[in-house]
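Visitor: I have a few questions about this one. Can we go through it together?

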Amino acid sequence: MDELKNRIRSTSGGSVHPELIDTSQEDKPKANTKKKKFEETHTRDTVWIENALKKRLDSQSAENGRGEKTRIINEALRLYFNEAN
């Protein structure tokens, strides 16, 4: 370790010697694992829902909290389109 410290001290302030840089564990670019924002994965839309269905949707989503209406609608659409194919 002392040898490395002496090598560093003996260099001029702005120069860097490649032998002093450990390149064996360079940071490799990581895959973009950043979670996407909700607005990047969903689109807001306005639709007309029958009153009786709206009441059931509201009561079901009130029991299960925020985002429940979105989950129910998306699940229903997935089922509909899967059966249509």
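Visitor: Start with R71 and E75. What do their side chains do?
Guide: The side chains of R71 and E75 meet in a salt bridge, 2.5 Å from N to O. A salt bridge here is a side-chain nitrogen of Lys or Arg within 4 Å of a carboxyl oxygen of Asp or Glu.

Visitor: How far apart are R71 and E75 in helix 4?
Guide: They are four residues apart in helix 4, so about one helical turn separates them. Helices are DSSP runs of H or I with at least four residues, numbered from the N terminus.

Visitor: Is this an experimental model or a predicted one, and how are residues numbered?
Guide: This is a predicted model, where local features need pLDDT of at least 70, side-chain atom pairs count only at pLDDT 80 or more, and totals for chains, interfaces and linings use all residues. Residues are numbered from 1 along each chain as its sequence is written, and side-chain values use heavy atoms, with hydrogens and water left out.

Visitor: Which other residue meets R71 in a salt bridge?
Guide: E68, at 2.6 Å from N to O. E68 and R71 are three residues apart in helix 4.

Visitor: E68: buried or exposed?
Guide: Buried, because its relative accessibility is 9%. The cut-offs are under 20% relative accessible area for buried, over 50% for exposed and partly exposed in between, with a 1.4 Å probe and protein chains only. R71 is partly exposed at 41%, and E75 is partly exposed at 38%.

Visitor: How many salt bridges does the count come to?
Guide: Four. One of them joins D58 and K54, at 2.8 Å from N to O. K54, D58 and K69 are linked in a network of salt bridges.

Visitor: Which residues form the nonpolar patch on the surface?
Guide: V47, I49, L53, I73, L77, Y80 and F81, with about 660 Å² of accessible area together. Patch residues have over 30% relative accessible area and no salt bridge; nonpolar side chains (Val, Leu, Ile, Met, Phe, Trp, Tyr) are joined within 5 Å, like charges within 9 Å. Areas come from the Shrake-Rupley method with a 1.4 Å probe, and for residues only the protein chains shown count as cover.

Visitor: Which helix gives the most to that patch?
Guide: Helix 4, with four residues. Y80 lies in helix 4 and counts as exposed because its relative accessibility is 54%.

How values were computed:
Helix = DSSP H or I, 4+ residues; strand = E, 2+ residues; numbered from the N terminus.
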